[in-house]
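Here are some friendly notes to read with the model open beside you. Take the points in order and look for each part as you go.

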Amino acid sequence: MGEKFYITTAIPYMNSKLHLGQIYEFIMADVVARFNRLAGNDVYFLTGSDEHGQKIYKAAQQSGEDAQDYVDKMVEEMKRLLALYHISHNGFIRTTSQKHQETVQHILNRLKDNGDLYKSKYEGNYCTPCETFFTDAQTIEGKCPDCGRETENIKEENYFFKLSNYQERLIEHIEKNPDFVIPETRRNEVLGLLKQGLKDISVSRTAVTWAVPVPFDQKHYCYVWVDALINYISALGYSSKEDHLFRQFWPADQHHIGKDILKFHAIIWPALLMSIGVALPRHVVVHGWILLGEEKLSKSKGITLDPDQLAQDYGIDAIRYFVAREISFGNDGSFTYGALVKRYNGDLSNDIGNLVSRTFTMVKKFGAGKVPQDCGAHGGFQVQWEETIRELEQYIEKFKFAEALSRLWEFINKANKYIEDTQPWVLAKSDDAQDRKKLDNILYQLVESIRLSSVALYPFMPSLTRKIFDQFGIAEDTQHMKLSEQGKWGHYKGGTKIGKKEILFPRIQEEKK
Ligand code: ME8
């Protein structure tokens, strides 16, 4: 039996349709979640929606809707996109849910009882798009240092959280747990911030009422970031009677987030947890940004990065593959159609697509539509597979997704070369029984190589695996595969009747305009 594995994504703001940057985070967390299931771990994958605060309230007002109706609709839209992109989350937490709000109130009470809250005047700046407070010194000509937009000058009485009290303990924790923040560059960034010194932070607002009410002061509403961070434990039932998930899965093994929200996850969140006496998450895994580069300007030419359009034009598998293969995880990466088409036509259509297609055709022609039985003579392929999967697992553990895929492609292309080298069509012409045996063995090994590649690809392209299995008549339940069984050479014995041929990745003739 494997280990428990709790993985979360950030919960996106529900003020607009999900964009590719947010979807990128879901895809990569999904790859990790699916890989852990394949490895036999007991996975709980959480995502959800950040629904409170000024930004969302404004968006609802602008669309002339009641805020709750507005977020209800946005959440449905988000869930539709999660399903479209094959995100396999186990839980979905909404910050406007009763359960979540009760936990937020419980925690505010706890912080107050601990003496970690005090009331004071806040005078400074607020960036609504980032939902962040900035001092005058932090702003750049009055603009937000993070997003460059105008900030609002605010003067309010707020409750403050004594973040400054946690500075030393946070430094100690990060120094003792060097992989608390991954990658190292982000860890150093956090340590830098901590060593500069921490200021106490506002955790309530009076001017923003689309928020969780502070239980001990009617005039105050919880600051949206404190509200949002708590999702990671409210979703598991922390502070409620139904807390079995919390007991089973907390602490989180991985919080996946983008680089812009590092401070909230690596400083504020752990400090809040320390204050309420809850264990800290094991790793905060930080990815870079998807940059649209100059193509962002090409909307007028009809180029769009709309997730629905991308799905329609290239298919979900190809988009998932592309971001995992092309972007060096942890760094920023450009999304360009040129690179997408190149990967699509090269890696997908040419390499794996052709391997499947040629093998299918040969099984149909030379094997009378039936995959030959495993005869036990596996030669070098078995060893190569074992090396491939071992290295692939190591890469994934280190979040080196591009390298993992590149390593798998070496194996796939060895299978392609095996066809050239063994020339099954020559053997097929021979009447010799030995040649027939050889041919059968070649075909079996090709199908087994394809099947195993499909198992390893399942976390990246779950629907591709199903399609490939169907073509070769493999009735495996893809959702419940384990590397220790289905990932072993020879697990499949052959003898299945092939299904219908389907071109997996029809070539794209030219760059989409
Ligand atoms: O920050 N490339 O929500 P959000 C890659 N509600 N990742 C990107 C990206 C891009 N271009 N743009 C955004 C929030 N992201 C809060 C989170 S969690 C308790 C509360 C990532 O909708 C971003 O870094 O602005 C974040 O991890 C996630 O998408 C949601 O961003």
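1. Start with what you are looking at. This is a predicted model, in which local features need pLDDT of at least 70, side-chain atom pairs count only at pLDDT 80 or more, and totals for chains, interfaces and linings use all residues. Residues are numbered from 1 along each chain as its sequence is written, and side-chain values use heavy atoms, with hydrogens and water left out.

2. Next, confidence. pLDDT is the predictor's confidence in each residue, from 0 to 100. The chain has a mean pLDDT of 94, with 96% of its residues at 70 or more. Over residues 294–303, however, the value is below 50, and beyond near neighbours in sequence this stretch has nine contacts in the model (contact means heavy atoms within 4.5 Å).

3. Now find the sheet. Six strands form an open sheet in the order β3-β2-β1-β11-β12-β7, with parallel pairing. Strands here are DSSP runs (E, at least two residues), helices are runs of H or I with at least four, and both are numbered from the N terminus; two strands pair if DSSP finds at least two bridges between them. At the edges are β3 (91–94) and β7 (181–182), each pairing on one side only.

4. Look closely at β11 (residues 254–258). Five of its five residues are buried, meaning under 20% relative accessible area with a 1.4 Å probe, protein chains only. Gln254, His256 and Gly258 point one way, while His255 and Ile257 point the other way. In a regular strand, side chains alternate between the two faces of the sheet.

5. Glutamate 25 places a polar side-chain atom 2.4 Å from an oxygen atom of the ligand, and a polar backbone atom of glycine 21 is 3.3 Å from a ligand nitrogen. In total, 23 residues surround the ligand, and the closest are Ile11, Gln22, Glu25, Asp50 and Asp260 (a residue counts as near if one of its heavy atoms lies within 4 Å).

Key
Buried < 20%, exposed > 50% of the residue type's maximum accessible area, 1.4 Å probe, protein only. Polar contact = N/O pair within 3.5 Å; in protein donor to acceptor, adjacent residues only side chain to side chain.
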